[in-house]
Amino acid sequence: QVQAVESGGGLVQAGGSLRLSCAASGRILSISAMYWYRQVPGKQRERVASITSGGSTDYSDSVRGRFTISRDNAMNMVYLQMNSLKPEDTAVYYCNFLGRESMWQPSRDYWGQGTQVTVSS
């Protein structure tokens, strides 16, 4: 069974950097777009960054210029490099991708369990 497994969260001071990783574990035939979301308690989940299978990227206004999304198609992984972190970046970060496990199954959404990022002032 395919799962999205995140790693790399933690505590960092404002101005610091963190790199999040997400691996699609298990046998998967193909992955199209991959995303990073974040959520603060009591607020809606926010899409932070996206990357297509061809490498085109997009970012929310709140992180553009500070965060970089990338992927390794051979390893079925997606990364989020976060620089110049601010206290308002504190959230649980989730990996999400649309994938297909076989030719006979439709594509479906996969979500990671979330990883906490805390930025202290």
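Accessible areas come from the Shrake-Rupley method with a 1.4 Å probe, and for residues only the protein chains shown count as cover. The model is predicted: local features need pLDDT of at least 70, side-chain atom pairs count only at pLDDT 80 or more, and totals for chains, interfaces and linings use all residues. Residues are numbered from 1 along each chain as its sequence is written, and side-chain values use heavy atoms, with hydrogens and water left out.

**Exercise 1.** Describe the surface of the chain and state what percentage of its residues count as buried.

*Solution.* The accessible surface comes to about 6600 Å². Carbon and sulfur atoms account for 48% of that area. Buried means under 20% relative accessible area, exposed over 50%, and partly exposed in between (1.4 Å probe, protein chains only). Of the 121 residues, 41% count as buried.

**Exercise 2.** State how many helices and strands the chain has.

*Solution.* Helices (H or I, at least four residues) and strands (E, at least two) are DSSP runs, numbered from the N terminus. The chain has 0 helices and 11 strands.

**Exercise 3.** Locate the disulfide and determine its handedness.

*Solution.* A disulfide is a pair of cysteine sulfur atoms within 2.5 Å. The structure holds 1 disulfide, which joins C22 to C95 with an S to S distance of 2.1 Å. C22 lies in strand β3 (residues 18–25) and C95 in strand β9 (residues 91–100), so the bond ties together parts that are 73 residues apart in sequence. The torsion about the S-S bond is about -75°, so the disulfide is left-handed. C22 is buried at 0% relative accessibility, and C95 is buried with a relative accessible area of 0%.
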